[in-house]
Amino acid sequence: MAVPKEVSFPACLLVLGMFVIANAVELGDDIKVCTMECGNFAYGICPRSEGSPICTNCCSGYKGCNYYSANGTFICEGRSDPRKTNICTQHCDPRVAYSKCPRSGGNTIIKHTECTTCCTGYKGCYYFGHDGKFVCEGQSSEPRACTLECDPKVAYMTCPSSGSTKLTRICVNCCTARVQGCKLYGPDEFLLCTGDPRNY
């Protein structure tokens, strides 16, 4: 039996809608279903955790990022909102050695946003138009994956699993150290980065 034309198109839309909803339920809360059109952003700002040395101060540091000294003492939380930057001096606070932000790896400033939209952009990242005005914050969860390159600045690391033992001749970077909860040090025994796997 043939389906009348006036019924077939709405019926197809109904079936398609049910399929999308079913997939969204199966994917869970962390996966956002987005359309495929491209955005038109000029750049994005994603505050990232950074190892030492970094040049910043409490005024120009990003909100949501905490700044620490080389021995792990908390200095301050950043006061600059990426959506509306504070007018701050450009001096480097000598006390600040590293930062811990909601996001870990990747570039802080994203120049080529390509096909990113508000839906596909990552949570905690702020996207701006070609006129420099804030457009939106990303809505999708960022994949938690680390690259496997070796950081040449790392001389040794210590991990909770190894106690105070200095682990040398290792291939590691700040992202993989965070997954393991380890601390990475440079040749001069300066702390490069540290991580708590519960916050990764």
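Which residue does a disulfide join to C59? The views below take up that link and its surroundings in a predicted model.

**View 1. The disulfide of C59 and C88.** C88 is the partner of C59, and the S to S distance is 1.9 Å. The link is left-handed, with -70 degrees about the S-S bond. It ties together distant parts of the chain, 29 residues apart. C59 lies in the loop between β1 and β2. C88 lies in the loop between β3 and β4. C88 counts as buried because its relative accessibility, 16%, falls under the 20% cut-off.

**View 2. The disulfide of C55 and C92.** Here the sulfur atoms of C55 and C92 are joined at 1.7 Å. This link is left-handed, with -75 degrees about the S-S bond. C55 sits in the loop between β1 and β2, and C92 in the loop between β3 (74-77) and β4 (98-100). The two cysteines are 37 residues apart, in distant parts of the chain. Is C92 buried or partly exposed? C92 is partly exposed, because its relative accessible area of 39% lies between the 20% and 50% limits.

**View 3. The disulfide of C46 and C125.** The sulfur atoms of C46 and C125 lie 2.0 Å apart and form a disulfide. The link is right-handed, with 120 degrees about the S-S bond. It connects distant parts of the chain, 79 residues apart. C46 is in the loop between β1 (43-45) and β2 (66-68). C125 is in the loop between β5 (109-110) and β6 (126-128). C46 has a relative accessible area of 0%, so this residue is buried. C125 is buried too, with a relative accessible area of 0%. The links in these views are among the nine disulfides counted in the model.

**View 4. The open sheet of β3, β2 and β4.** Three strands form an open sheet in the order β3-β2-β4. Their pairing is antiparallel. Which strands are at the edges? β3 and β4 are the edge strands, and each pairs on one side only. Neighbouring strands of the sheet are turned against each other by 30 degrees on average, direction ignored.

**View 5. The pairing of β2 with β4.** How many bridges does the pairing of β2 and β4 run over? The pairing runs over three bridges, in the antiparallel sense.

Methods. Residues numbered from 1 in each chain as written. Predicted model: local features only at pLDDT ≥ 70, side-chain atom pairs only at ≥ 80, totals over all residues. Heavy atoms only, no water. Disulfide = S-S within 2.5 Å. Helix = DSSP H or I, 4+ residues; strand = E, 2+ residues; numbered from the N terminus. Buried < 20%, exposed > 50% of the residue type's maximum accessible area, 1.4 Å probe, protein only. Pairing = 2+ DSSP bridges. Axes fitted to C-alpha atoms, helices over the stretch in contact; angles between N-to-C directions.
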